[in-house]
Amino acid sequence: MSIKTTTHLNFRGDARAALDLYRSVFDGHLALTTYAEVGMPADAPDAERIVFGLVTSGSGLRIMAYDIPGTTGG
């Protein structure tokens, strides 16, 4: 039996930049969904932050990340 895991990272507004970096380093595919895309009002402060982000690579690497709403970097 084999087990595959997916790292899931939480950020304070930097998920998009982190996932883009991982995509470039691991030559992967990036999928992003913002809070606005899942129903948060577009004018809300966190609307453009990431609620679901995933990088997948051809070698099978998977990294997920999201932004914690209501927090800022620091």
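Which residue is the bridge partner of leucine 54 in strand 4? The partner is methionine 64. That pair belongs to a predicted model, where local features need pLDDT of at least 70, side-chain atom pairs count only at pLDDT 80 or more, and totals for chains, interfaces and linings use all residues. Residues are numbered from 1 along each chain as its sequence is written, and side-chain values use heavy atoms, with hydrogens and water left out.

**The overall layout**
- Follow the sequence along and you get the pattern β-α-β-β-β.
- The C-alpha atoms fill a box of roughly 45 × 25 × 20 Å along the principal axes.

- Four strands make an open sheet in the order 1-4-3-2, with mixed pairing; two strands count as paired if DSSP finds at least two bridges between them.
- Strand 1 (7-11) and strand 2 (28-34) are the edge strands, so each pairs on one side only.
- Strands of a sheet pair through backbone hydrogen bonds, either parallel or antiparallel.
- Strand 1 and strand 4 go for the parallel sense, over five bridges, and asparagine 10 has tyrosine 66 in strand 4 as its bridge partner.
- Strand 3 (residues 50-57) and strand 4 (residues 62-67) pair in the antiparallel sense over four bridges, and valine 55 has isoleucine 63 as its bridge partner.
- Strands 3 and 4 also form a hairpin with four residues between them, and glycine 60 in that turn has a positive phi of about 100°.

**The helix and the core**
- The largest nonpolar core has eight residues: Phe11, Ala15, Ala18, Leu19, Ile50, Val55, Ile63 and Ala65.
- A nonpolar core here is a set of buried Ala, Val, Leu, Ile, Met, Phe, Trp, Tyr and Cys residues joined through side-chain atoms within 4.5 Å; buried means under 20% relative accessible area, exposed over 50%, and partly exposed in between (1.4 Å probe, protein chains only).
- Helix 1 gives this core its largest share, three residues.
- Beyond its neighbours within four places in sequence, leucine 19 is in contact (heavy atoms within 4.5 Å) with Leu30, Leu32, Gly53, Leu54, Val55, Ile63 and Ala65.
- In soluble globular proteins, nonpolar side chains tend to be buried together.
- Across the chain, buried residues make up 26% of the 74 residues.

Definitions and conventions
Helix = DSSP H or I, 4+ residues; strand = E, 2+ residues; numbered from the N terminus.
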